[in-house]
Amino acid sequence: MDPFLKSLTLFLVLFNPFLMSIYLLDLIQDLDRGTFFKVLFRATLISGSVFLVFAWGGDAIFTDILQVQFSSFLIFGGIVIFIIALQMMFTGSDAIKKMRGGDPAHLSGSIAMPFMIGPGTISASVITGTTLSYPLALAAIILSLILTVLMLMLLKYAFDIIKVRNADLLERYIDITGRASALLTGTIGVQMILQGIHKAL
């Protein structure tokens with residue numbers, strides 16, 4: 001696969017709009033479209049800025065500034081992603097909702113952290129920055145964020161249309177899809193652990 005498409009696909013899988021829609025389900029239900037878009041847009045700007053820094057700095061951020069090996073981050077990040085995916089498979093949407101907490105005071109920040117800015121997406125930023133030129137890495141990151149926002153807005157639009165009669169059905173569909181996609185997310189977590197071990201050896 002083309003390195004650009006590979007990086008773009010990796011980011012889309014890690015962002016996982018179906019899982020994110022479960023994570024944001026209460027906001028999708030309670031906020032109007034304009035407010036939801038503004039909150040989501042600010043969270044995307046925060047996340048994108050972090051990703052671009054890691055894509056630019058690469059391994060040096062870990063080795064020179066944080067003074068840790070990138071392989072250690074890969075292993076820890078893979079474990080975190082694997083645990084989240086495992087919880088999602090067995091407990092459904094409750095596992096994701098608990099991650100954001102109950103304080104609605106800073107919605108954009110709580111969306112960005114810990115769901116958009118996580119071990120997997122930071123690792124993907126570093127890997128993308130090392131495999132692609134910086135302009136292409138920037139394009140892959142920005143395009144993946146745009147596509148994720150568009151898919152979340154489509155899910156919000158669909159929920160607003162059918163929520164009067166079929167809200168329970170839509171929530172059930174999102175929950176089932178999220179559980180299924182957790183299989184792929186967990187697999188990525190295991191792959192990160194293996195990559196970290198391989199780098200450390």
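A nonpolar core is a set of buried Ala, Val, Leu, Ile, Met, Phe, Trp, Tyr and Cys residues joined through side-chain atoms within 4.5 Å. The model examined here is predicted. Its largest nonpolar core has 35 residues. Leu24, Phe36, Leu40, Phe62 and Ile141 have the most contacts inside this core. At least two core residues come from each of α1 (3-15), α3 (25-30), α4, α5 (59-66), α6 (70-91), α9 (119-131) and α10 (134-200). The most is given by α10, with eight residues. In soluble globular proteins, nonpolar side chains tend to be buried together.

Not counting residues up to four places away in sequence, Ile141 touches Phe11, Phe51, Leu52, Ala55 and Ser125.

Two of these partners, Phe11 and Ser125, also take part in the contact of α1 with α9. The axes of these two helices come within 10 Å and cross at roughly 175°. Angles over 145 degrees count as roughly antiparallel, so α1 and α9 are roughly antiparallel to each other. On the α1 side, the contact is made by Ser7, Leu10, Phe11, Leu14 and Phe15. On the α9 side, Gly120, Thr121, Ala124, Ser125, Thr128 and Thr131 take part. Five of the contact residues are nonpolar and six are polar. None is charged.

Thr44 lies in helix α4, which spans residues 33-57. The relative accessible area of Thr44 is 11%. The cut-off for burial is under 20%, and Thr44 is therefore buried. Leaving aside neighbours within four places in sequence, Thr44 is in contact with Met116, Leu145 and Val149.

Conventions
Residues numbered from 1 in each chain as written. Predicted model: local features only at pLDDT ≥ 70, side-chain atom pairs only at ≥ 80, totals over all residues. Heavy atoms only, no water. Helix = DSSP H or I, 4+ residues; strand = E, 2+ residues; numbered from the N terminus. Buried < 20%, exposed > 50% of the residue type's maximum accessible area, 1.4 Å probe, protein only. Contact = heavy atoms within 4.5 Å. Axes fitted to C-alpha atoms, helices over the stretch in contact; angles between N-to-C directions. Parallel < 35°, antiparallel > 145°, perpendicular 65-115°, else oblique. Nonpolar A, V, L, I, M, F, W, Y, C, P; charged D, E, K, R; others polar.
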